[in-house]
Amino acid sequence: MIEQKYDLAIIGSGPGGYVAAIKAAQINMNVVVIEKKDLGGICLNWGCIPTKALLRSSEIYDFMKNSSTFGLKIKNAEPDINNIIKRSRDVAKKLSNGIDFLFKKNNINLIYGSAKINKNKEIEVKNSKSIKKVIAKNIIIATGASPKKLNIENNHVNSKVWSYFEAMAPKKIPKTIGIIGSGAIGIEFASFFNSLGSNVSVFEMQQEILPNEDNDVSEFLRKSLSKKGISFYTNSNIIDIKENKTFIIKSKDLKSGSIENHDFENVLAAVGIRGNTENLGLENTKVTIKNNQIVTHDFGSTDEENIYAIGDVTGAPWLAHKASHEGISCVEYIAGIIKSREKMVIPSCVYSNPQVASIGLTEKIAISKGLNIKVGKFPLSANGKALSLSESEGFVKTIFEANTGQILGAHLVGVEVTELINSFALAIKLEATEVDIFSTIFPHPTISESIHESALDAFDRAIHI
Amino acid sequence: MPVSILMPSLSPTMTEGNVAKWLKKVGDSIKSGDIIAEVETDKATMEVEAIDEGSLAKIIHNDGAENIAVNTLIGVISLEGETEKDIELFIENQSKDKPEAIAEEEIENDTKLTVETIPENNIDEEKLNEEKRQIAQNKSNDIRLTNENSYSHEKIKLSISPLAKRIADLKNIDINNIQGSGPRGRIIKRDLDPFIDEIEFIDEGKLQNKTSTERQFSTKVPLTNIRKTIATRLQQSKQTVPHFYLKSKVCAEEIIKSRTIINNLDLNEENKIKVSYNDIIIKAVTFALKHVPQMNATWNDDSILKYSLVDIAVAVATDNGLFTPVIRSACKKSISQISTEMKQFILKAKENKLLPDDYNGGTFSISNLGMYNVHEFSAIINPPQSGILAVGEIYEEFQIVEDKPMTVKMINLVLSVDHRIADGATAANFLDKIKFFMENPLGMLA
């Protein structure tokens, strides 16, 4: 067996692992990354990036369908699912190659294979050709997560129910699709298939769709997507799925108790993900695993010395940017560069049409914490740029602490709001107050002016409403 | 040019003060030497005295205005011939001087500008800075404080986030002593967290599941600067100073006898002396400190500072709060001198007029609650002092004296000691010496 020694070994090359590796290389660590499958992990290959490519196609198709709104005549526009998927795969491939380039540039060693940690905290890497032993002073586990399977009694069809992997590369556009779960993944695929002409139904156990978002956002998006033809079944529990030629979903309304059957050509389970903690040899270490997640403390440290974990394998929120951020601070911690932990304020984005972006506390949580808040809301229908784009659906909602003007949360729905949320991330990071937003000059005409107006509205000073 | 009345700075650490009372009304004429207003600082009330003649043209911060930054304009005196317009213009210029809500505050005495890309502003600011210099000059000429006042002209460079600045303002937190943990030492919200009770920001009316009424109060009393100082200092003491306590019973018969003798002295009819038991106890403690010099010390973090002179702080209770004026060189003063000094201090404390010089320093404190019929208590050390003696009431107890039961007058003492400065045996020796001199006042003649 070949033995190789490193300062740092990272298991997994997703947005957590590869970013941590580059950071480590930049500060002159001898670093190795072990990847089982695709460089870039789920995010680049089967998550964030390829879905955004798919959604771009559906968005442009939406424009074409609405071409008359813009005074344009486009006839017979129709989606070609094979080429839509091909484009999505090409984009993913390009980025994955990009990481390969970055690894070479930074002299990062890459080993393909499955990693297993033994009792001496050495990593055995196995692939079809060889077994290598990697010895590293520190190990970062960045193995990510996989789709959760549906938890249904007597379920025989789980293998045929789609996860996002299959939904991302369907052979044809399903006429009808049932989506179980209304988190970011469920809603984005609902939006995608709805645009391409599928008849989409979404089932959610909780009272509202996007249950983690602010109530105003959930309600607004539900109305907006319903208008586009998506059916929502909230407070709804799936009790059975049967497959005949089609799938029959038996759902129970948790409020009324009534049971309904729904017939779909395809079913997508988007009920969350679970950490990839298995087959890593963690039983040989003191690392604690709870609910399929690695339990971590400050900077990703685990209960085992010199073993760290970052990103999805450590639990929610399952976001690439969280993983990258944790990767960098974990490496800086190992190198002794940072010592004090900062509270993370993590923005989140949903690329439905219209988009959703949010950061910080929802109004409900702020109230339940007993905070004295001021809430501002500005509709995009009063924003010139939004009107000129014929994208007047949506709003910017801001929540401030009343005395200090601290920005507690921001919740946005509308066109390209995912590109606006960084303003709030920056403002919160820099500890800006309402006064700083008031005195900032926002360019006209842009959607971003709604940020200004929303903050003004929270203090009853809005100009344009 | 009108004369500005500014919030005075009494010490390098003082950043804010309150306007206690205006003694002149707008329109009142002012003569040199008139007291214009009283300003409350963290420890005392100071009088603001005028040199120039004129009339009070404008009050900017009224009676009771709180937390006004040092060198903020609180009022304006107009000189003869100056119109209302002159005053307005003057105030306008002054307020331009101090823009509110500066995100990144950089206060520097260096008035040279480095901004070259915005020439218009450059000129404006240059002008402003020129004015600033003038005002600074006038300031020292125009208004004199009854206490020699030192304006701090140190070069300060502070970086603080807007949110942290707002919270510091709201909560009256002195940011000068805070080490920022943000990028490049920037003070951010979490640096202030130790100073904030999160509860304060919670709106109780909006708290969900509010079940009981236990948190209701009838009135909310805003903290005076004195109250805040007491709170911070004593909290810090209890949390950081390792206290230990020694108790002792002392026979008070001799002190009582001595006091009667001293107070019946008929040496000088005009200067008839009336000393208190406390004055005698102060003197006894002074002697004990002389005999146990390890206790005549203060804690200095990495060292212990010892003193040759004995400066004793004595707690004085007033309606406004607790003061601890210091009897300087108490070892060199007679009981009657100590008594006279204490009487002056008590009077000043009650009128809120103690000056920093009156209460700064001291190596040891005495707190006497005997007059409130407290039998015995333990006191909190006033850091960096070595300890504090808590004196209880005079009470009677039965003792067997020469085979006969007799009532004897006694006092209970509890000595609190900073264990970093002295150990148990030293402290015990010290307490024993106090007991000795209280029971044998003649020993003080030795």
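In this predicted model, A:Asn76 is placed in the loop between helix H3 (48-65) and helix H4 (81-105) of chain A. Although A:Asn76 is not a glycine, its phi is positive, about 60°.

**Other residues with positive phi**

- A:Asn235, likewise a residue other than glycine, has a positive phi near 50°.
- The loop between strand S10 (231-233) and strand S11 (236-243) of chain A holds A:Asn235.
- With 16 other C-beta atoms within 10 Å, A:Asn235 is partly exposed.
- In chain B, B:Asn172 follows H3(B) and has a positive phi, near 55°.

**Cis peptide bonds**

- The peptide bond from A:Ala316 to A:Pro317 is cis, and its omega is near -5°.
- A:Pro317 belongs to the loop between strand S18 (307-309) and helix H8 (320-334) of chain A.
- B:Pro383 and B:Pro384 are joined by a cis peptide bond with omega of about 5°.
- B:Pro384 lies in the loop that runs between strand S17 (364-368) and strand S18 (387-401) of chain B.

**Helix H3 of chain B**

- Helix H3 (residues 162-171) of chain B is largely enclosed by the rest of the structure, because seven of its 10 residues are buried.
- The buried residues of H3(B) are B:Pro162, B:Leu163, B:Ala164, B:Lys165, B:Arg166, B:Ile167 and B:Ala168.
- These buried residues pack against helix H12 (434-438) of chain A and helix H4 (189-192) of chain B.

**Strand S2 of chain A**

- Strand S2 (residues 31-35) of chain A is mostly covered, with five of its five residues buried.
- In a regular strand the side chains alternate between the two faces of the sheet.
- From S2(A), A:Val31, A:Val33 and A:Glu35 point one way, whereas A:Val32 and A:Ile34 point the other way; all are buried.
- S2(A) pairs in the parallel sense with strand S1 (residues 2-11) of chain A over four bridges, and A:Ala9 stands opposite A:Val32 in S2(A).
- S2(A) also runs parallel to strand S3 (residues 109-112) of chain A, to which four bridges join it; here A:Val32 stands opposite A:Asn109 in S3(A).
- A right-handed β-α-β unit is made by S1(A), helix H1 (residues 17-26) of chain A and S2(A).

Terms used: Residues are numbered from 1 along each chain as its sequence is written. Chains are lettered from A and ligands numbered from 1 in the order in which they are written. This is a predicted model: local features need pLDDT of at least 70, side-chain atom pairs count only at pLDDT 80 or more; totals for chains, interfaces and linings use all residues. Helices (H or I, at least four residues) and strands (E, at least two) are DSSP runs, numbered from the N terminus. A residue is buried if 20 or more other C-beta atoms lie within 10 Å of its own, exposed if 12 or fewer, and partly exposed in between; C-beta atoms are placed from the backbone. Two residues are in contact if their C-beta atoms, placed from the backbone, lie within 7 Å. Two strands pair if DSSP finds at least two bridges between them. A crossover is right-handed if, with the strands pointing away from the viewer, the path from the first strand over the helix to the second runs clockwise.
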